[in-house]
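Please keep the sequence and the structure in view while reading.

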Amino acid sequence: MEADKRLSDAIGLVRKVAEKTYQLLSKKPFMALFTHMVTLLVYGGQIFPPAAIDYIKALKTILSYPPHLECLDQMNWRIVVGVCWASILGDPVRLSENDEEDELEDEDDMEVDRKPFDMTQSHSSHIRQKTLSNINGEIAGLLPILFSAPAAPLLAPLPEKGTPYSSESSTGTNMLNKIHRFFQQYPNDNNAHLPVLRSLNLILAEMELNARNDTISGSLKLLPQLANLWSTRKKDMREQVVIALRTMLPFVTHKVAAEYDKIGAARETLAKIMDHLPKEGQLRWGVEPLDLSVIRLKPRSRKGKEKETCHPFETSSMRVSTLLGPWKLLANLLGWL
């Protein structure tokens, strides 16, 4: 139809102008262009298909430019992040700053969380994977860009002087809950898993030094879901899983985590990951000696004790000073278990 063609041409023209001139735009025209594209993405409580692909790719281009990303305030950040998650998770899409919190209720967990974890068996035979549209795959690519924005309000604001501390969940905690929902709905890897994993690592990097309890509770919930992705053949996705596990490990092994209900499942999951690491080498090229380019040795410091317990990769006289890659994860697991 003539109207559809005119609409498609207009949308394509806006995208072309945005991608050609984004480095020349000042704050005011950038915000006008940003507001126009985000507003036209939503129609009738869902993403508007004719504008989706073009406008999402244009938003990726202009928001990847650091000066424009710094122009986003918290209100606009919340709006566009809410639109992305609502579309990916199948919720009604609204142009609203107020985002509903996602609660992590045990009774709402899908069967994938209750089944024992098996590294050698694909979980696709146990649960039917929902399909993710190409539009939502493109939308997921916006999330790592948005979570790297300076205005991202992932942490709860500090209470004012004389005001009691509030236990309300922060935006970062809500984002961890949404990532948990995503892995529940899409347990098998698809085109959105990599950007979601990158988003997870950006959130954890912000929260690990400032929100210990929230990081522990989120890590215990996400750990089995990340372990289910360990058998993926995509190297870039495996890399993000390893980064997330290395960030979570100090929290799920901390003595404070023993008070949480999920600590038993976390121990079982980490034990199976540790058991699977050497098997990977045997299945592909066999077990080889640890290369000196991976391990750095230095004299072990003495603390005046006659008998000291040696940790992994440590003898009575030498210990490692740097351990790279999956070997560091294996050493941490051995030391904890």
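**Side-chain contacts in a predicted model**

The count of aromatic pairs comes to 6. In the pair formed by Phe-30 and Phe-34, the ring centres lie 6.0 Å apart and the planes meet at 35°, so this pair is tilted. The model is a predicted one, and it holds 6 salt bridges.

**Aromatic residues**

- Phe-30 and Phe-34 both belong to helix 2 (residues 27–41), where a spacing of 4 residues separates them by about one helical turn.
- Phe-30 counts as buried because its relative accessibility is 0%; Phe-34 is buried as well, with a relative accessible area of 2%.
- Trp-77 and Phe-147 form an edge-to-face pair, with 5.8 Å from centre to centre and 65° between the planes.
- That pair links distant parts of the chain, since Trp-77 is in helix 5 (residues 74–89) and Phe-147 is in helix 8 (residues 143–147), 70 residues apart.
- Both Trp-77 and Phe-147 are buried.
- One aromatic cluster is formed by Phe-182, Phe-183 and Tyr-186.

**Salt bridges**

- Arg-15 and Glu-19 meet through their side chains in a salt bridge of 3.0 Å, N to O.
- These two residues, Arg-15 and Glu-19, are 4 residues apart in helix 1 (residues 2–21), which means that about one helical turn separates them.
- Glu-19 counts as partly exposed because its relative accessibility is 29%.
- The side chain of Arg-15 also meets that of Asp-54 in a salt bridge, at 2.8 Å from N to O.
- Because Arg-15 lies in helix 1 and Asp-54 in helix 3 (residues 49–63), this pair ties together parts that are 39 residues apart in sequence.
- Another salt bridge joins the side chains of Arg-181 and Asp-91 (3.1 Å, N to O).
- Arg-181 is in helix 9 (residues 171–185) and Asp-91 is in the loop between helix 5 and helix 6 (111–114), so that the pair links distant parts of the chain, 90 residues apart.
- Asp-91 counts as partly exposed, at 26% relative accessibility.

- Arg-238 is found in helix 12 (residues 235–252).
- With a relative accessible area of 14%, Arg-238 is buried.
- Its side chain reaches the backbone oxygen of Thr-232 at 3.3 Å.
- Arg-238 also lies over the face of Trp-230, at 4.8 Å from the ring centre.

Key:
Residues are numbered from 1 along each chain as its sequence is written. This is a predicted model: local features need pLDDT of at least 70, side-chain atom pairs count only at pLDDT 80 or more; totals for chains, interfaces and linings use all residues. Side-chain values use heavy atoms; hydrogens and water are left out. Buried means under 20% relative accessible area, exposed over 50%, partly exposed in between (1.4 Å probe, protein chains only). A polar contact is a pair of N or O atoms within 3.5 Å; within protein, one must be able to donate a hydrogen and the other to accept it, and residues adjacent in sequence count only if both atoms are side-chain atoms. Rings of Phe, Tyr and Trp (its six-membered ring) pair if their centres lie within 6.5 Å; planes under 30 degrees apart count as stacked, over 60 as edge-to-face and the rest as tilted. A charge sits over a ring if NZ of Lys or CZ of Arg is within 6 Å of the ring centre and within 35 degrees of the ring normal. A salt bridge is a side-chain nitrogen of Lys or Arg within 4 Å of a carboxyl oxygen of Asp or Glu.
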